[in-house]
Amino acid sequence: MSFSQQEGTYPRIGLSVPQMKPFYEVVVVGSGYGAGVAACRMARTGHSVAVLEKGVERWPGEFPEGVDDATSEVHVSAPDQTFESGKRNGLYHLYIGDEQNAFVGEGLGGTSHLNANVGLRMDDLTEHMDVWPQELRGEGLSKYYDRAEQMLRPNKYPEDWPKLKKLSTLERQVHRLGPEYSNQFGRTPITVSFDYGLNAAGVSQNASTLTGNDCTGINDWSKTTTLVTYIADAWNHGAEIFCSCEVTHVKYIESTKNWAVFFRWLQPGRQDFDEFATHPFFVLANDVFIGAGTLGSTEIILRSKAMGLPVSDNVGRSYSGNGDILAFGYNLTDGECNAIGVGSNDPAKRPDTEQVGPCITGIIDMRNNPELLRRYVIEEGVAPFAVWPFLQAMFDLTPQKVQPYRGPIQAIVAKAREIQSRVGGPFVGALHRTMMYLIMSHDDNQGILSLQNNKLRIAFGGVGDTARVHELHETLARMTVQSGGTFVPGPFHTPIAHNGLITVHSIGGCVMADDGKSGVTNHKGQVFKYSDGNKKTEVHTGLYVVDGAVIPAALGVNPFLTITAVAERMAELAARDRGWVINPHIVTREINFKAPAFAPSKPVLQVANDLQANSSWSLTTLPSKGGIAFSEVMKGYFGTDVLSEDYHTAECQGRASSTTMDVFLTIIAYDLRTLVSLDDHSADIAGTVSCRALSEDPLLVCAGSRFRLFSRDLSHVSTENLAYDLNLLATDGSKYKFEGHKIVDRTAMLNAALVWKATTTLYVTVSVGEDKGHLKAGTVLGRGILHLGVSDFIRELTGFAAWANLPENVNLPPRLARLRQQLASFKISAQFVTYFAANVAEHFLPPMLQYPGYSKGIVYASTSTTHEQWNAPTKDGGHIRMHRWNAGKKGPILLVPGASVTYEIFGTHLIPTNFVTFLTDRGYDVFALDHRLSPTIRASTGQIAVESVRFDVEAAVAETKQSTGCTNISAVVHCAGSVATFMGLLDGTISGLGHVVASQVAMHPVAATVNWVKAHLYLAPIVNRVFGVDYLDVRSAPHGLIEVAVDQALRLYPVGQFSEICGSTVCHRSSLCFGLLWHHDNLNDALHSNLDKIIGGVNMTTLRQLIDMTIQKELLNDKREKVYVTANNARKYLNFPISFIHGDKNQTYNLESTDADYNFLRDVNGPDLYRRKVFQDYGHLDTWFGVEAYKVGIKI
């Protein structure tokens, strides 16, 4: 990604967790010196590498400089006091231990962002201590030091640069101590750039601006961190980097010979859930290099051991603070020190004489003592600007200070300087005359790291109360007092803290040794399995520790160069053991952050810091205006014995067997527009699914998983789903498909409790993801129902995050820039909330009606059989349109539709499998007709008596017989088509039918409740005679305000349950004319949105005649005479097989209709020829064009 140091934009090389692949050949944990080396060198072998870093990605320009910003990045852990505060992946992590405390940095680049830059090799005596493995003692680290220095380029503060007051003060102090010390004074090599140009990784660095902000993060691009060297080089060679990933433990998977690296994704909002600690992610790898820092790496190995990984019992032992001592020389008399960082103040505005300089530039190197344990170094330091408000209080409260002798005048002057600092700040008075001292020495390596309350605990009893510490304190006190200042021990060296120390150089805990009896890792960094016995040298294949945790003893000097050299050696040996070659080429051109130069180009969605709540971290290069993210936990029961689609039975089975399922997901829409505007309404999803019935470890949600918000359910009307399509991976390599959906439909109308249930209930199906043994992909393994609890919903709301992508090169004061970002993010939040609320309200409130032309339909493939059409005359001078699909020798079957509809009720392309397709797929020769009541026939708009249609059916039967040569045919007749057919049969007009299926009504029309009321109110005659309406067209668009008002009033028309209320005018108008013609649950959205393509209108003559029949409950001619339904007619003309079908939810004709027909014929002709079938949960027309109407065909 392009960036500009001048314009304040930054590269982004980190990927988001949803983009993580499930497997890499190499996984590197951490990004400090050891991990950086491992990532760089493994990436240079050309193999796939993933880097998991706990902290976030920050580049120079993004580090805190002010007190408030820095304070918000502090993370404090105190397991002994069960105390923890601050951001878990904050930049600054302070461990409060038992007498030994530690400070580390967390972020992409690790502590290299915050250290004091000193790049010194350990001395020969230390390098040849017996605690080092024999192989390393014999070979030495010289060439690996060289390699580390080639990348990090330590150099001394230039002689011709501004003179630094703190360096001059240290030089004066050392001369007062005498030649023994002054001869050992000099400038120390530091990894700071004092020139402009490319570093060894091809990253452009600037010359230092001498801010002194080293310990809170340098923003001028002069600090040579692992981010701008090893990590950048690893990325440039194809490594994929993931931030905010806190690795918890590793596990060896015996079945696949892979390592599973478990980690917590520190996505904002996830940490609020109880499941954060128990539902880790994982990634699989052949080889794992753990370089999470001494404390982080040891914690990972300790936790892995606690969870069953065989490891040497020495893990956590031989911990050392590297003999670190921190102290201060306060309010010196002999001159200004200028040893407090400038913070956000512009160093260019300070004169050369007032420049602070890098944190450490000078050293008193006392490593010339023949006794190793008496060797040490003293270095000057710079107190971060962010801590200056607390320094004065610390100096006042710290006991055991050593005061200089001051006369009365000197005491008054010293006190005045204190007041001046209290009033004027850190760059005047006593604080401006304060030195910070850092000592690295040798302790006894007896510290112990352990887990307490599942958190790392540091214990090093007596570490700060040894004779050696007191001796070194006396040296520092002498230096300070001789300069007229007050010696102040470190902040933890107090009686209440048992004279504890703080270290910035933790080492040990997984120390290297010759075998597991003496250490935890071998000289290659491989982890020993056992502590004793014949297997004490056996190691885990592919598991390495590569950072300060392996250093077996205090080094007496700043350790990072040694850690880097050791890691270089380990990486070389690891590659050699695998037959891999580390590409040694030297980078000579500037790195292009748009794409890695030495790896295949691939799409990268740069989002690493978008979700952070700091406006300076938003990106200018993302095409979106902003996005949202939220986390969600759902819990429930999962049944593996019930494999039907009965979710509730499966849930009960899971409950009975105590088979639980928990999902912990984070949903991210990087561009809000894709979620709310595009038809897909999809977002990325990441997380874990925990279900012991599937895996003993959490299942990982893998790439390709999608969350779809309010996606149309094509199988149902006015129904939208919140869909969760997850690809799951188990640690043993098994793959599963998780399909979950929340159903939001009309059942929740005006019922808040049902709205809550709809949006918080997830129906889950889990199937096999790919063929494995006897199980084929797609095989359903179980189903269940999960629920979102109230407390978890509250956490979901409080953890909701929105961000806006705004240009960063707008020159605004920080407060205004932050306000600008907050307002833009609020706008993004409002857009999402509005969209979500509107979609829920659509199902909660009665709908506004939609008119024909509002079509969301899709067309399904129909039968492949040729569709023939022709017109045919009738005896009474009319004509019909015939349709034929000749798919074989079965049949023929004639399909007769009812009034106001066409043959398309049997052959519509708006459902997946229509009745015509069902028949032709089975080899039937199928005929259908459009008669004079069908809206496609021009005569349908005239006044037509129902009995006229019997001539249409007669003509259709004749056409069918003539086309096929058959004497008798079968017919399926529906509604008014059935009424007309039976009129023709009973008076002898129609002959040649060998079997009839009569749908919903035949000879005894009995109105359903609402239609009965309308019939007895004589609404049709009133509409006809009073309003002069001859034809009711249910498809008409409104022509005036009155029609609009009538249509909207129809929303409240009594159609049964709320689930039957919809927004279609066609649906409501047809219901007014005929009663509700279907059960909405059986229609799909495509058909319901295009009802005007199937249903037309009805003339008043037909409608009145049908109503009269329902009042009389029998067929009538146009003179209202009962001439058709007689026993003699039935014996003469209906003595052949007839089947009656009826939907039990029919709101047009009551079930009594076909029941009366069935019993009438049985009474007249006996029971053998007649059948009746009632279809559960079907209405009037949906038996033929319901989305699963083919099942009706199967029964028929």
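Predicted model: local features only at pLDDT ≥ 70, side-chain atom pairs only at ≥ 80, totals over all residues.
**Entry 1: Asp547**

The side chain reaches the backbone nitrogen of Ala292 at 3.1 Å. I then found the backbone nitrogen of Gly293 at 2.7 Å from a polar atom of the Asp547 side chain.

I next asked where Asp547 is found. The residue belongs to the loop between strand 24 (539-545) and helix 14 (560-578).

Is Asp547 buried or exposed? I noted that Asp547 is buried and yet has no salt bridge. The nearest side chain of opposite charge is that of Lys54, 13 Å away.

I listed the contacts of Asp547, leaving aside its neighbours within four places in sequence. They are Gly34, Ile290, Gly291, Ala292, Gly293, Thr294, Ser297 and Ile563.

**Entry 2: strand 25**

I turned to strand 25, residues 626-639, and checked how far it is covered. It is mostly covered, with 12 of its 14 residues buried.

Which strands does strand 25 join, and in which direction do they run? I recorded the following pairings.

- Strand 26 (residues 660-669) is joined to strand 25 by 10 bridges, and the two run antiparallel. Here Lys635 stands opposite Asp662.
- Strand 33 (residues 780-787) is joined to strand 25 by 5 bridges, again antiparallel. Here Gly636 stands opposite Leu786.
- Strand 34 (residues 801-804) is joined to strand 25 by 4 bridges, also antiparallel. Here Gly627 stands opposite Trp803.

I kept in mind that in a regular strand the side chains alternate between the two faces of the sheet.

I traced an open sheet formed by 5 strands in the order 5-4-6-7-22, with mixed pairing. The twist averages 15° from one strand to the next.

Why is one side of strand 5 and of strand 22 left without a neighbour in the sheet? Strand 5 (83-85) and strand 22 (501-503) stand at the edges and each has a single partner strand, so one side of each is left open in this sense.

For strand 5, I looked up the pairing with strand 4 (residues 74-78). The two strands run antiparallel and are joined by 3 bridges. Within this pairing I noted Ser77 opposite Glu84 of strand 5.

Terms used. Residues numbered from 1 in each chain as written. Heavy atoms only, no water. Pairing = 2+ DSSP bridges. Axes fitted to C-alpha atoms, helices over the stretch in contact; angles between N-to-C directions. Buried < 20%, exposed > 50% of the residue type's maximum accessible area, 1.4 Å probe, protein only. Lys, Arg positive; Asp, Glu negative; His and termini not counted. Salt bridge = Lys/Arg side-chain N within 4 Å of Asp/Glu carboxyl O. Polar contact = N/O pair within 3.5 Å; in protein donor to acceptor, adjacent residues only side chain to side chain. Contact = heavy atoms within 4.5 Å.
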